[in-house]
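Me: I'm new to this one and would like to learn how to read its charged pairs and its helices. Can you walk me through it?

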Amino acid sequence: MPDVPAASDASDAAPPRPRRRGRTALLIVGAAVLGLVAGTCGGYLVQADRAPTKLPPLSQPTLPQGRGDGPEPLSAAQDRQVKTGGDLRKLLLKMPRGAKKAEWVPDDGWIDLAAYAERFDKPRAAFPDLVGEEFRRAAETSWKVGRTYSVEIELVQFRQVDSISADDANSDAQYWADEKDHSHSWNIPGTGDGMAYVHDRPDTKPGYLPLYSAEAHAWRGDIAMEIWIYDSKPIPKKTIMDVAKRQMEQL
């Protein structure tokens, strides 16, 4: 989102919407590859000094076949995939009264792979990374209250055929949130490892209002939840925690 030119009175200017930081997937993958190479070399050296291990016999005992009817299928209320396999936008929080839809939100509320990759510091690196993570789709809602307060919520869904990508995406986002100085973090109740963050040091730029931020990251099933709140004044813990808990209840 390009910076909005400063008005004649800087105190009346709306803060720019900052770009999110890049994910740690590339760094983590690089570290994992180095660790894998080192571990493999060490494993070969250890195995070279060991006597061959006797293989088990090919024949295995026959297992008895189960009898009776199988379990009843889950109802629509119990089957989470029925809920998350439909219109993902319906699981987003509703815009509160008095708020206005943010101008940067897509008209239909959907974010495709290319558009989502563009939201990172290095889109050309993020795109193949998201392909590898089996990105399926993403939905977004965002609103503004007054001149400076804004909320952005994204639900990012993965196919998860080969890995639990929603958990990985959540870990990446939390890594970058933890990297920011002058921050406080809390566990989001009922989410397992979900975390909320408040950053006390604002982003500053001549001609613009100071920009404070808070964020929350959690996951459930094949969906990663991402929330950002921005304002020209410090954001209370209660504000980010309330939005995060209500959005997770929707999932």
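This is a predicted model: local features need pLDDT of at least 70, side-chain atom pairs count only at pLDDT 80 or more; totals for chains, interfaces and linings use all residues.

Me: Which residue does Glu215 form a salt bridge with?

Reply: The general idea comes first: side chains of opposite charge can pair when their charged atoms come close. Here, Glu215 pairs with Lys180, and their closest N and O atoms are 3.1 Å apart. The two sit in distant parts of the chain, 35 residues apart: Glu215 belongs to strand S7 (residues 211-220), while Lys180 is in the loop between helix H5 (165-179) and strand S5 (183-187). Lys180 is partly exposed, with a relative accessible area of 29%.

Me: How many salt bridges turn up in the whole structure?

Reply: A search of the whole structure gives 8. One of them joins Arg119 to Glu152, with 3.3 Å between the closest N and O atoms. That pair also links distant parts of the chain, 33 residues apart. Arg119 lies in the loop between helix H3 (113-117) and helix H4 (123-132), and Glu152 lies in strand S4 (residues 149-158).

Me: Are Arg119 and Glu152 buried or exposed?

Reply: Arg119 is buried, at 16% relative accessible area. Glu152 is buried too, at 2%.

Me: Which residues are linked with Arg119 in a network of salt bridges?

Reply: The network ties together Arg119, Glu140, Glu152 and Glu154.

Me: What about Asp87 and Arg89?

Reply: Their side chains meet in a salt bridge too, at 3.0 Å from N to O. Asp87 is partly exposed, with a relative accessible area of 26%, and Arg89 is partly exposed at 31%.

Me: Now the helices. How do I read which way the residues of a helix point?

Reply: An α-helix has 3.6 residues a turn, so residues three or four places apart point the same way.

Definitions and conventions:
Residues are numbered from 1 along each chain as its sequence is written. Side-chain values use heavy atoms; hydrogens and water are left out. A salt bridge is a side-chain nitrogen of Lys or Arg within 4 Å of a carboxyl oxygen of Asp or Glu. Buried means under 20% relative accessible area, exposed over 50%, partly exposed in between (1.4 Å probe, protein chains only). Helices (H or I, at least four residues) and strands (E, at least two) are DSSP runs, numbered from the N terminus.
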